[in-house]
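Hi everyone, thanks for making time for this. Please have a look at the sequence and the structure on the screen, and then I'll walk you through it.

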Amino acid sequence: MVILAIAVGDIVDLFVGVFSLLLIYLPMTLGIFVEQWRNEKAAFWSSSVGFLVFWPAFFLWNPKEAFVPAVVVSIAIFVLILAIERNKAVPHR
């Protein structure tokens, strides 16, 4: 976070960026409270890829809107992996 604070000159952009990082972890956080959404693989990959999407979007695109693609990608990956894992768990006839 110190690097983020040094790289961003505007305090508003800094606060938006930090709050945006918290939104990336939304699917993983909801998985803590909802039994059907608990999946370690989905939580790891959704947060990791969302985090990797956030950084270039924050520095190269728009700091105030960088969370949008990162959160969308994070949620999409979480749902996709959760669906794949559930499909594996169901025995096929």
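Let me start with Lys41, which is partly exposed at a relative accessible area of 41%. On the cut-offs, buried means under 20% relative accessible area, exposed means over 50%, and partly exposed is in between, with a 1.4 Å probe and protein chains only.

Before going on, a word on the source: this is a predicted model, where local features need pLDDT of at least 70 and side-chain atom pairs count only at pLDDT 80 or more, while totals for chains, interfaces and linings use all residues. Residues are numbered from 1 along each chain as its sequence is written, and side-chain values use heavy atoms, with hydrogens and water left out.

Back to Lys41, then: what is its partner? Lys41 forms a salt bridge with Glu85, and the closest N and O atoms are 3.2 Å apart. By salt bridge I mean a side-chain nitrogen of Lys or Arg within 4 Å of a carboxyl oxygen of Asp or Glu. The structure holds one salt bridge. Since Lys41 sits in helix H4 and Glu85 in helix H5 (residues 67-89), the pair ties together parts that are 44 residues apart in sequence. Glu85 counts as partly exposed too, at 23% relative accessibility.

Now the overall layout. The chain has five helices and zero strands; these are DSSP runs numbered from the N terminus, with helices being H or I of at least four residues and strands being E of at least two. Of the 93 residues in the chain, 28% are buried.

Next, a helix pair. H2 (residues 11-24) and H4 (residues 40-61) pack at an angle of about 160°, with axes 9 Å apart. Axes here are lines fitted to C-alpha atoms, for helices over the stretch in contact, and angles run from 0 to 180 degrees between N-to-C directions. H2 and H4 are therefore roughly antiparallel, a label for angles over 145 degrees.

Which residues meet? From H2 we have Asp13, Gly17, Ser20, Leu21 and Ile24, and from H4 Ser47, Gly50, Phe51, Phe54, Trp55 and Phe58. Contact means heavy atoms within 4.5 Å. The residues of this contact divide into six nonpolar, four polar and one charged, with Gly counted as polar, Phe, Trp, Leu and Ile among the nonpolar ones, and Asp among the charged ones.

Finally, Val72 lies in helix H5 and is exposed, with a relative accessible area of 51%. Its C-alpha atom is 10.0 Å from that of Val53, 19 residues apart along the chain.

Definitions and conventions
Parallel < 35°, antiparallel > 145°, perpendicular 65-115°, else oblique.
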